[in-house]
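Hi,

Here is the structure I said I would pass on.

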Amino acid sequence: MYILFDGRALQDEDYSSKGIGQYSLFLLRSLKSIFPDLRIACYVDFQLPDVLEDSKIFFSSYLNNVFDFDGDGYINPSPMTHDTSALSYALRQNMWRIAVVHDFIPIMSQNFFTDNYDYLEYNYLLKSLSRYDLLIANSDHTMRQINLFVDTSNRAVSVMHPLSRFSADENASSADSVDRNDAEEPYVFIAAAQDRRKNIELILNSIKMINSLGLKVVFGGGVSESYINNTFPDHQIDFGKNKVEFTGRLPDEDLKKLYIKAACTIVPSKDEGFSIPVREAISLKASVIGSRIPAHEEQILNKEFLFDPRSPDELMKALKSIIEKKYFFAENYRYFDHHAELEHLKNSIGSMHNSSGASLHADVPKVFVGPENGKKTGIAVFNSYICDELISRDYTYKDVDSLGDEDFFKWLYENQESRIIYSIGNNEIFHSKAYTAVCHVPGVCILHDSRMFEFLLNRYGAWKIIQLHNSIFKGDFNIKVENVEYWQKNRRKLTHSFLNEIVDRSSEVIVHSLVQLNMIKTTYNTDRVRYVEFLTQMSDEERSKIIENRNFYRNRPAFMLNIFMFGELEATKGCSEIIMAASILKMRGVIFNLVFIGKSDHHYRGLLDKIILSLEIKDNIDFVGYVDRSMYIEYLQRCDVAIQLRYPIFGQVSGPVADCAVCGIPIVTVSSISQGMNLEDCCVTIPDSFSPMHIADAVELASKKRYTPMNAVTPMHYLDKIEAGTIVAANK
């Protein structure tokens, strides 16, 4: 048997050293005990630290892309903490699926979520629990909540109480005792963590009373003096005068001694799914008291050892009661039949394994996800062509970024089993919901441009973008920190390039640049990326018309050179340098007409106008803004030389360049485009410095060239190439 174990909670510092991490280790030990020959692949996020050292002995391999796994089942010990990528894959692959549910504290707590988006995402994860074949509750209390919050029809639910990491002495008897007077100074151990739910404030309000009993207060679980001062600034405790100690996180052996030598362990939590510290104390025959919550009542049978989590007086009453007893009595606590629970887990997995998981519906929905396609140029034009072809292949189209947050997560849930092709680009702002969708419901991702902007922005910060931009475009259109911070905000600020998730979650990444292909392959060490030629953004009829009319134009008397720059006016496209190159051409006696065809920013256009006036070439230059389809075709027919410049970090693919290449139009561009799009045979390439002299030389050279039109890439051919790759196998 070969299974995929979601190990991301074992990497995440918020979970690995706490209850979820400890339960994950317990579950791994349990699985190996009932299935000795079990092979376990660990699903990890390479952007996070290594998994817990203690867990490494259980794994035969580590995967950061679920599409690399081919096995029998999927086990998720933390389904509410990370995305549903592995669940979605397991559904499609007909693998059996198990999830461990720890608690529902976020949805039970008032004001837990400060952002409605986070609340909706949590509810999406909650609803996704119904996609598992077996839900394992960590306590009776959690099992009751599962039946309350989750649709468990056709889903098995069972309880598996965790053993503590110190489980050797789990079967303690009333005759056994531990000398708690061995410590140099009597103390109580506060088993808590840096989490408001752990109720540290109750202990702060009780420290003086605890000290009055001659007991020092020892905080474990990473709780520190600085954490308390920052989290509870109004507390009145002078840690220098009161008997208080902070141990920090301890190795297991030291933690074990801390439990044993304590006069009592106190667990003051406001809420828990299951309390690991209570279990650990009991397993070591160490006396423990806890707050009166269901997770503690399930383990602490003596009601005298329970207290109201809001009452220092009740805490002191429970503490005095247990100290008076002096010895550990097993009958005060509950023990679980772990052998029976393990046997039940073994039988459940065996049954699921034999039936090969739940049945999938016969017709898997096919969906194309892309940004809006109403724009006249760029990615939107690409999407409109692809969308029409995909609809003819029984796909539906969805612009998820146009959905409200609630509708978006509803759509995600409904499409967890769908075969999805994503088209992700950068039309002015980052498409955050399309990115989120890839993370939760992975599929094939068509990636436009290099996305190096995000890569640099998040790796180095705003200063790097400003430094690069302003060094290249000296005095042209300098940007400031505020500009970059605004762009970053619109991209839902990430701690690293979003390419990490795109590469790790996608069954395959389709790129249109060989430069980008090599960058992704080497940076992310992956083979799940493939180059496909960029789509020709015109019909066969339009292309034939352009080629025919261009032959007519080429045979006319050459008295005027038409130089067209297609695309939005941006500093990153070298517009000012092109204008300066035009002045050089004029000085050389070249008769030309330079036309900028595309949207222009008012401020930037004003800067360009000043340059034009100063160079006295106003009569040679025109700005026509956006043009409709018929005019775009008309300009292509009349074009003698097309110019398309891009500074490498801002993009490596151009739709107009692809269109010019299939029509035999000479192109002046940079190497990242000519090499990236595999069009060196029909381009004159200039250095990335955008030198006006180089541009002028390239234009004159290109005007003398006669290129054979490249083969067109139609939507049908484009999608045939994609579907001939991994999409069918990876999304089956």
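Below is what I found, starting with some ground rules.

This is a predicted model, so local features need pLDDT of at least 70 and side-chain atom pairs count only at pLDDT 80 or more, while totals for chains, interfaces and linings use all residues. Residues are numbered from 1 along each chain as its sequence is written, and side-chain values use heavy atoms, with hydrogens and water left out.

First, a helix pair. H23 (residues 575-587) packs against H24 (residues 602-615) at about 15°, and their axes are 10 Å apart (axes are lines fitted to C-alpha atoms over the stretch in contact, and angles run from 0 to 180 degrees between N-to-C directions; helices are DSSP runs of H or I with at least four residues, strands are E runs of at least two, numbered from the N terminus). The two helices are therefore roughly parallel (angles under 35 degrees). On the H23 side the contact (heavy atoms within 4.5 Å) is made by Cys575, Ser576, Ile579, Met580 and Ser583, and on the H24 side by Tyr604, Leu608, Ile611, Ile612 and Leu615.

Next, Gln416, in the loop between helix H15 (405-414) and strand E16 (419-424). Gln416 is buried, with a relative accessible area of 0% (buried means under 20%, with a 1.4 Å probe and protein chains only). Leaving aside neighbours within four places in sequence, its contacts include Thr84, Leu87, Arg131 and Val441.

Finally, Lys261 lies in helix H9 (residues 252-261). Lys261 and Val188 are 73 residues apart in sequence, yet 9.0 Å apart in space, C-alpha to C-alpha.

Cheers

Methods. Angles under 35 degrees count as roughly parallel, over 145 as roughly antiparallel, 65 to 115 as roughly perpendicular and the rest as oblique. Buried means under 20% relative accessible area, exposed over 50%, partly exposed in between (1.4 Å probe, protein chains only).
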